[in-house]
Amino acid sequence: MTVFHAIVELSRASWRVLRRHPCLAWFPVLSLASVIAIMLLVLPVLVPGDDDGLPFLSVYVLSVLFFLAHSFFTAALTAEALRALRGETPSISNGLATAAARAPAIVSLSIISATFGLLVGLL
């Protein structure tokens, strides 16, 4: 089996799971809603009053929060997609509970991702 064939088969299996369990489509929607909420709630606090732009620390904090939201809902979606592939019934609440149980690992991943993302962006 080639890598391309494996990607195609995995994509087909994912599409079948999504068609059987449309509740899984809510995880990306929740992720987008959380990013919008972060922008509305946190961005006004971090933006300075003058027109100097965003300080580096503010950009870093926003990056960590965005990565955190994305990673959290991706972990929830993955857990429920795997549950559906095993033949069990997925649910949004189970996915959120699974991701919440792994919060320390998700926070660590977000901090590392934001750090390296900003360092690579600076280069």
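The structure holds one aromatic pair. The ring centres of Phe72 and Phe73 lie 5.3 Å apart and the planes stand at 90°, so the pair is edge-to-face. Rings of Phe, Tyr and Trp (its six-membered ring) pair if their centres lie within 6.5 Å; planes under 30 degrees apart count as stacked, over 60 as edge-to-face and the rest as tilted. The model is predicted: local features need pLDDT of at least 70, side-chain atom pairs count only at pLDDT 80 or more, and totals for chains, interfaces and linings use all residues. Residues are numbered from 1 along each chain as its sequence is written, and side-chain values use heavy atoms, with hydrogens and water left out.

Phe72 is partly exposed, with a relative accessible area of 22%. Phe73 is buried, at 14%. Here buried means under 20% relative accessible area, exposed over 50%, and partly exposed in between (1.4 Å probe, protein chains only). Leaving aside neighbours within four places in sequence, Phe73 is in contact with Phe27, Leu30, Ser31, Ser34 and Leu96. Contact means heavy atoms within 4.5 Å.

Phe73 also belongs to the largest nonpolar core. This core has eight residues in all: Val17, Leu24, Phe27, Phe73, Ala76, Ala84, Ala99 and Ile106. Helix H4 (residues 56-85) gives the most, with three residues. A nonpolar core is a set of buried Ala, Val, Leu, Ile, Met, Phe, Trp, Tyr and Cys residues joined through side-chain atoms within 4.5 Å. Helices (H or I, at least four residues) and strands (E, at least two) are DSSP runs, numbered from the N terminus. In soluble globular proteins, nonpolar side chains tend to be buried together.

Ser71 is also found in helix H4. Ser71 counts as buried, at 11% relative accessibility. Not counting residues up to four places away in sequence, Ser71 touches Ile106, Leu109 and Ser110.

The largest pocket holds about 230 Å³ of space. A pocket is found on a 1 Å grid over the protein atoms alone, as an open set of points where a 1.4 Å probe fits, with protein on both sides within 12 Å along at least five of seven lines; lining residues have an atom within 4 Å of a point. Grid points are joined across faces, edges and corners, and a volume is the space filled by probe spheres set on the points. The lining consists of Leu10, Ser14, Val17, Leu18, Leu24, Ala25, Pro28, Leu77, Thr78, Ala81, Leu82 and Leu85. The largest share, five residues, comes from H4. The lining divides into 10 nonpolar residues, two polar and no charged. Ala, Val, Leu, Ile, Met, Phe, Trp, Tyr, Cys and Pro count as nonpolar, Asp, Glu, Lys and Arg as charged, and the others, Gly among them, as polar.

Two loop residues come next. His21 lies in the loop between H1 and helix H2 (26-41). His21 is buried, with a relative accessible area of 13%. Pro90 sits in the loop between H4 and helix H5 (92-101). Pro90 is buried too, at 6%. Pro90 and His21 are 69 residues apart in sequence and 7.3 Å apart in space, C-alpha to C-alpha. Not counting residues up to four places away in sequence, His21 touches Ala84, Glu88 and Pro90.

Ala101 is found in helix H5. Ala101 is exposed, with a relative accessible area of 58%. Ala101 and Ala76 are 25 residues apart in sequence and 10 Å apart in space, C-alpha to C-alpha.
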